[in-house]
There are 2 protein chains.
Amino acid sequence: VITFTGSPLDRGASRRDDASWIEQQRADPHACFVAVHEGRLRVRDGRLDVAAESQGEAIFLGVHQQTPWFAVETGGGDAYEELRGLALILPPEEASIAAAAKSLFEWHSRHRYCSQCGQPSDVAASGWKRVCPACRAEHFPRVDPVVIMLPLFGDRCLLARQAAWPARRMAPLAGFLEPGESIEEACARETNEEAGLVATRVTYHASQPWPFPSTLMIGLFVEVASDAAVPDGVELEEVRWLTRDEASAVLAGSHPEVLAPNRYAIAHELLTAWVERRNR
Amino acid sequence: VITFTGSPLDRGASRRDDASWIEQQRADPHACFVAVHEGRLRVRDGRLDVAAESQGEAIFLGVHQQTPWFAVETGGGDAYEELRGLALILPPEEASIAAAAKSLFEWHSRHRYCSQCGQPSDVAASGWKRVCPACRAEHFPRVDPVVIMLPLFGDRCLLARQAAWPARRMAPLAGFLEPGESIEEACARETNEEAGLVATRVTYHASQPWPFPSTLMIGLFVEVASDAAVPDGVELEEVRWLTRDEASAVLAGSHPEVLAPNRYAIAHELLTAWVERRNR
């Protein structure tokens, strides 16, 4: 199971514009309210604290077994925690719901004005759209695609280290996909830019919503033409080829020089799948 | 070959902030300038007309065999044509370059103001970023991921028709991926919302940059639990199961009731790959 996936909610996208239906759901005594403050989530005993909360702007998240779910931006307090720290503590389906809530509120907080004309815009579609009253432009929540790829050569894989990371932490390569390129082209470009390697084959593995603040991680394996990897010295300060046995030790926490990627990141799943030969 | 992929340019992303290097490239007498006006491209004899053009705001697109390429927004004129009409006329590598140029200018045209504070923002990184002088927010070109999937049940595939399309035109299902969902979850949701089908298995096939204005088309096959498809009546007005022979006739243009997707869309490639059994 990939962290931040597995939400049981039916998003009910076709009901978002039905204001009276949404109001009715919000008034449901069983409605759940995911409380968010500046990107942090209100929790209680390792679960989302979704006790009724009727004040504030609400985003309709969906319905599960007749229970409507909303996200609300609140005043904050001691019970609010960072989603990174909660990712492996919350039940997986709550982590996924929290991810959607966090991404949406962070998008609203950075998009209160119309990018086309500069006027304040209004929330619409129960939080899934903003509309400019001045120029009528419609703006939708942003999701930025990122390619994340494990380079493979022969029977080894490549991990890389950014200077800003904790000591010994290493992970696959990654970068934002740009306008005018396919997933495969973005993968080849980033593999070359960051590590000087030439991609010969790109294979899709899995994907993950990443709510920091709102990216789509597209997990790939990339076979490369040689093992002459050179870190770019800008984003990356070190690259290192690992055998399956070495990678296995990294995942087990027993490698003396390399710390595995965070367990809740798709980086960890890519490495695990390769070690278990699930990439073929 | 998938249309809008295959650009030969090295994007040189690490040089975008080097203003003096960029100026030097722009002054290169061999520099190529892709002229864009309101999303249309200047062409001549079925090729991009990239004659020297030094006025106006320029975006650095990259370098190919020592030749720098830029996109410039110009005053327009008779020689400008829609990219949809040019997609299969231009050499594939020029269609890909044009796609990047068009997506970037359309992003700039809709993002002249800072979405965080409403002030006019400035172009930076030779066209790959905007920076707000008031609040210092940085904004990057937007790419919206879209899932596009061909439902499969037994030995048949499903095509669908939107009411707004030309008569008889049919295509796979498609929809925008939302914050907080994986590619596989977005595919399952849209398949259910649009056609009432339950996804049992999602398989990635290929991707395509789609410059209308700037989406990433993620091409998938989705196996479904039954053939009880029902068009939602909102986005779709008709759905139809086709055998491989029928789909083959659609692609050949000989099916009396169904017109194939546009040849330059990944929708066409998905159907072709399935007919040729390249999806297994």
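**Strand pairing, interface and backbone**

Biologist: Which residue of E8(A) does Asp122(A) stand opposite?

Modeller: E7(A) and strand E8 (residues 129-131) of chain A pair in the antiparallel sense over three bridges. Strands are DSSP runs of E with at least two residues, helices are runs of H or I with at least four, and both are numbered from the N terminus; two strands pair if DSSP finds at least two bridges between them. Within E8(A), the residue opposite Asp122(A) is Val131(A).

Biologist: What kind of model is this, and which pLDDT do side-chain atom pairs need?

Modeller: Residues are numbered from 1 along each chain as its sequence is written, chains are lettered from A and ligands numbered from 1 in the order in which they are written, and side-chain values use heavy atoms, with hydrogens and water left out. The model is predicted: totals for chains, interfaces and linings use all residues, local features need pLDDT of at least 70, and side-chain atom pairs count only at pLDDT 80 or more.

Biologist: Which strands of chain A stand at the edges of the sheet?

Modeller: The sheet is open, with three antiparallel strands in the order E7-E8-E9 of chain A. An edge strand has a single partner, so one side of it is left without a neighbour in the sheet. In chain A these are strand E7 (122-124) and strand E9 (138-139).

Biologist: In chain B, which residue of E9(B) is opposite Arg130(B)?

Modeller: Chain B has an open antiparallel sheet of three strands, E7-E8-E9, in which the edge strands E7 (122-124) and E9 each pair on one side only. Strand E8 (residues 129-131) of chain B and E9(B) pair over two bridges. Opposite Arg130(B) stands His139(B).

Biologist: How much area do chain B and chain A bury between them?

Modeller: Contact (heavy atoms within 4.5 Å) involves 48 residues of chain B and 48 residues of chain A. Buried area is the accessible area (1.4 Å probe) that two parts lose on being put together, summed over both. With 52% of it on carbon and sulfur atoms, the total is about 3800 Å².

Biologist: Which element gives the most to the side of chain B that touches chain A?

Modeller: Across the interface the rule finds six salt bridges, with a side-chain nitrogen of Lys or Arg within 4 Å of a carboxyl oxygen of Asp or Glu; one of them joins Glu178(B) and Arg16(A) at 2.8 Å, N to O. Elements of chain B that give two or more residues to this side include helix H4 (183-195), strand E13 (199-210) and strand E14 (215-224). The largest contribution, six residues, comes from H3(B).

Biologist: Where does Pro213(A) lie?

Modeller: Most peptide bonds are trans. A cis peptide bond joins Phe212(A) and Pro213(A), with omega about 0°, and another joins Phe212(B) and Pro213(B), with omega about -5°. Pro213(A) is in the loop between strand E13 (199-210) and strand E14 (215-224) of chain A.

Biologist: What is phi of Phe4(A) near?

Modeller: Phe4(A) is in the segment before helix H1 (19-27) of chain A. Phi there is positive, in a residue other than glycine, and near 80°.
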